[in-house]
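Hello,

Here is the structure we talked about handing over. Please look through it first, then read the notes below.

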Amino acid sequence: MLVIFRSGLFNVLFYLNLLVLLCIALPTLVLPRGTIMGIVRFWARGNHWLLRNICGITFELRGLERIPPGALLVASKHQSLWETFALVPLFADPAFILKRELMWLPFFGWYAWKADMIPVDRGARSAALAAISARAKIDLARNRQIVIFPEGTRRAPGAEPRYKYGIVHLYAESGVACLPIALNSGLFWPRRSIRRYPGKIVAEFLDPIAPGLEKQVFFEHLQQVIETATARLIEEGERQLGATSRDERDNSSDRSSVIARPDKDR
């Protein structure tokens, strides 16, 4: 019951905070692009404060020293809404690849356009790949970090991976290193659920993959390193959740014993 109460309170405050910031950020539409990115970073910090103080969810970032400077292709596992904001403050000038339909949303779409995010038309297939590659080359020439979720959508922890070939096309065309990221956020912030479970989200930055690999070699290697590390992080997170559940059961049992224990002084 406590998880449900905390989750409900977090969700209300999360979306209320988002709504307020969407309104406050309107002037940034006529200001330099860095202004809206500052608002997004502030939003990310606020979300982490809410997660920590309401839901008991903290996070750990491993391997930050592996992030190379300058232009970069970032390929992250995608399990939760968490990584869509948590990754932003970690890069100097990130450009996320996102569904074109999101650019049509009032407020969100305006800010995504202002922040120079990269929309993709999933229905266009080969034409979409060509458009993304052309746009990515422009952003990489500006020393930006192109962030992509290779599976295209959130996948539940432990679900069979479904990597799209778009990441291979970008890697081959961009000529820059690719930084893989593994994580276990879906254990604590599950997709399609209002519940938020206490624990520690871990995101691990893996060794960058140098440019120049043959396409299929890169594709297989990327999946192997991300999925192997993600499986390890999921196992680590599940141990946390198991320990938390046991503690809650023990505490509940202790309370029940106190209630049921007869009063010998009577």
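Leu2, Phe5, Leu9, Val12, Leu13, Leu16, Leu19, Val20 and Ile24 make up a nonpolar surface patch of about 830 Å². One of these residues, Leu19, is found in helix α1. Please keep in mind that this is a predicted model.

Ser7 is also part of helix α1, which covers residues 2–24. Ser7 has a relative accessibility of 1%, so it counts as buried. Apart from neighbours within four places in sequence, Ser7 is in contact with Ile194, Arg195 and Arg196.

**The chain as a whole**

The protein chain has seven helices and seven strands. Along the sequence they follow the pattern α-α-β-β-α-β-α-β-α-β-α-β-β-α. The C-alpha atoms fill a box of roughly 80 × 45 × 35 Å, taken along the principal axes. The chain has 266 residues, and 42% of them count as buried. The chain exposes about 13900 Å², of which carbon and sulfur atoms supply 60%. Among contacts with a separation of 6 or more, 76% are between residues 24 or more positions apart.

**Strand β6**

How many of the six residues of strand β6 are buried? Six of the six are, so the strand (residues 178–183) is largely enclosed by the rest of the structure.

In a regular strand, side chains alternate between the two faces of the sheet. In β6, Cys178, Pro180 and Ala182 point one way, while Leu179, Ile181 and Leu183 point the other way, and all are buried.

β6 pairs with two other strands, described here in turn. Strand β2 (residues 72–76) runs parallel to β6 and is joined to it by four bridges; Val74 has Leu179 as its bridge partner in β6. Strand β7 (residues 199–205) pairs with β6 in the antiparallel sense over three bridges, and here Ile181 stands opposite Phe205.

**Aromatic rings**

There are 13 aromatic pairs in the count. One of them, Tyr165 with Phe219, is edge-to-face, with 5.3 Å from centre to centre and 75° between the planes. Tyr165 lies in the loop between β5 (145–148) and α6 (166–174) and Phe219 in helix α7 (residues 215–260), so the pair ties together parts that are 54 residues apart in sequence. Tyr165 is partly exposed, at 40% relative accessibility, whereas Phe219 is buried, with a relative accessible area of 11%.

Phe10, Phe14, Tyr15, Trp43, Phe85 and Trp189 form one aromatic cluster.

**Salt bridges**

Side chains of opposite charge can pair when their charged atoms come close. The count here comes to 18 salt bridges.

Glu227 and Lys77 form one of them, with the closest N and O atoms 2.7 Å apart. Glu227 is in helix α7 and Lys77 in the loop between β2 and α3 (82–86), so to speak of distant parts of the chain is to speak of 150 residues. Both Glu227 and Lys77 are buried.

Arg100 and Asp121 also meet in a salt bridge, at 3.3 Å from N to O. Arg100 is partly exposed at 31% relative accessibility, and Asp121 is partly exposed with a relative accessible area of 25%.

Arg155 forms a salt bridge with Glu151, the closest N and O atoms being 3.9 Å apart. Arg155 is buried, with a relative accessible area of 11%, and Glu151 counts as buried at 5% relative accessibility. Finally, shared partners join Arg33, Asp93, Asp116, Arg135, Asp139, Arg142 and Arg144 into one salt-bridge network.

Regards

Notes
Residues numbered from 1 in each chain as written. Predicted model: local features only at pLDDT ≥ 70, side-chain atom pairs only at ≥ 80, totals over all residues. Heavy atoms only, no water. Buried < 20%, exposed > 50% of the residue type's maximum accessible area, 1.4 Å probe, protein only. Contact = heavy atoms within 4.5 Å. Phe/Tyr/Trp six-rings, centres within 6.5 Å; stacked < 30°, edge-to-face > 60°. Pairing = 2+ DSSP bridges. Patch = residues over 30% accessible without salt bridge, like charges linked within 9 Å, V, L, I, M, F, W, Y side chains within 5 Å. Areas by Shrake-Rupley, 256 points an atom, 1.4 Å probe, with all protein chains shown as cover. Salt bridge = Lys/Arg side-chain N within 4 Å of Asp/Glu carboxyl O.
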